[in-house]
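I opened this entry to record what I looked up, element by element, with the cut-offs written beside each term.

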Amino acid sequence: MEIKKYTHYVQYYETDKMGITHHSNYIRWMEEARVDFLKQIGWDYARLESEGIISPVIGVSCKYKHSTTFADTVTIDVSIAEYTGVKLKISYKMTNEKGEGVCEGTSEHCFVSAEGKIIMVKKEYPALHEVLSGLLGK
């Protein structure tokens with residue numbers, strides 16, 4: 001399965017008084033890219049929730065490499081860094097139009113039911129497990 005990179009165009013309101021993108025926006029872009037990634041693999045949030053799966057963020061990290069400004073194009077490459085069947089770690093690599101690294105980050109997620117009980121994806125949702133396992137390290 002080929003995953004297309006996500007593209008974000010820096011908006012004026014995402015910049016600070018110096019004209020630089022505020023650091024908090026990179027986390028938002030990671031979420032935008034994750035939502036797009038899940039849609040591409042056939043497990044968007046609407047499907048997850050309709051199946052009774054909630055996947056909260058339990059950790060996030062971000063390393064800033066190069067600033068961005070209004071109207072810059074940021075391309076985000078999303079991949080699965082780790083997957084245990086209970087926890088999922090997603091990696092994000094952002095680059096600008098010149099191919100320069102802008103930011104690298106990760107988000108960590110678990111899978112729980114609406115009641116808050118941990119879900120063993122391999123056992124309870126084998127189709128989702130197969131997709132996530134197949135994308136690990138790609």
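In which loop does Ala 71 lie? I found Ala 71 in the loop between E2 and E3, where helices (H or I, at least four residues) and strands (E, at least two) are DSSP runs numbered from the N terminus.

Before going on I noted that this is a predicted model, in which local features need pLDDT of at least 70 and side-chain atom pairs count only at pLDDT 80 or more, while totals for chains, interfaces and linings use all residues. Residues are numbered from 1 along each chain as its sequence is written, and side-chain values use heavy atoms, with hydrogens and water left out.

I looked up the backbone of Ala 71 and found a positive phi of about 75°, although Ala 71 is not a glycine. Most residues other than glycine have a negative phi. With a relative accessible area of 47%, Ala 71 is partly exposed; the scale I used calls a residue buried under 20% relative accessible area, exposed over 50% and partly exposed in between, with a 1.4 Å probe and protein chains only. I then turned to His 23, which lies in the loop between E1 and H1 and counts as partly exposed because its relative accessibility is 47%. His 23 and Thr 68 are 45 residues apart in sequence, and their C-alpha atoms are 9.8 Å apart in space.

**Sheet.** I traced five strands forming an open sheet in the order E1-E3-E4-E5-E2, with antiparallel pairing, where two strands pair if DSSP finds at least two bridges between them. E1 and E2 (57-64) stand at the edges with a single partner strand each, so one side of each has no neighbour in the sheet. The twist from one strand to the next averages 20°; axes are lines fitted to C-alpha atoms, for helices over the stretch in contact, and angles run from 0 to 180 degrees between N-to-C directions.

I counted bridges next: four join E1 to E3, and eight join E3 to E4. Thr 75 in E3 stands opposite Thr 7 and also opposite Thr 95 in E4.

**Helix H1.** I saw that H1 packs on the sheet, touching E1, E2, E3, E4 and E5, and that its direction makes about 120° with that of E2; contact here means heavy atoms within 4.5 Å. The buried residues of H1 include Trp 29, Met 30, Phe 37 and Leu 38. After H1 comes Gly 42, whose phi is positive, near 85°.

**Helix H4.** I listed the buried residues of H4 as Leu 128, His 129, Val 131, Leu 132 and Leu 135. Seen down the axis of H4, they fall within an arc of 165° and so line one face of the helix, the arc being that of the directions from the helix axis to the C-beta atoms. Their cover includes H1, H2 (45-50), E3 and H3 (121-124).

**Core.** Last, I asked which residues touch the most other members of the largest nonpolar core. Among its 31 residues they are Ile 41, Ile 53, Ile 76, Met 94, Phe 111 and Leu 128; such a core is a set of buried Ala, Val, Leu, Ile, Met, Phe, Trp, Tyr and Cys residues joined through side-chain atoms within 4.5 Å. The largest share of this core, six residues, comes from H1.
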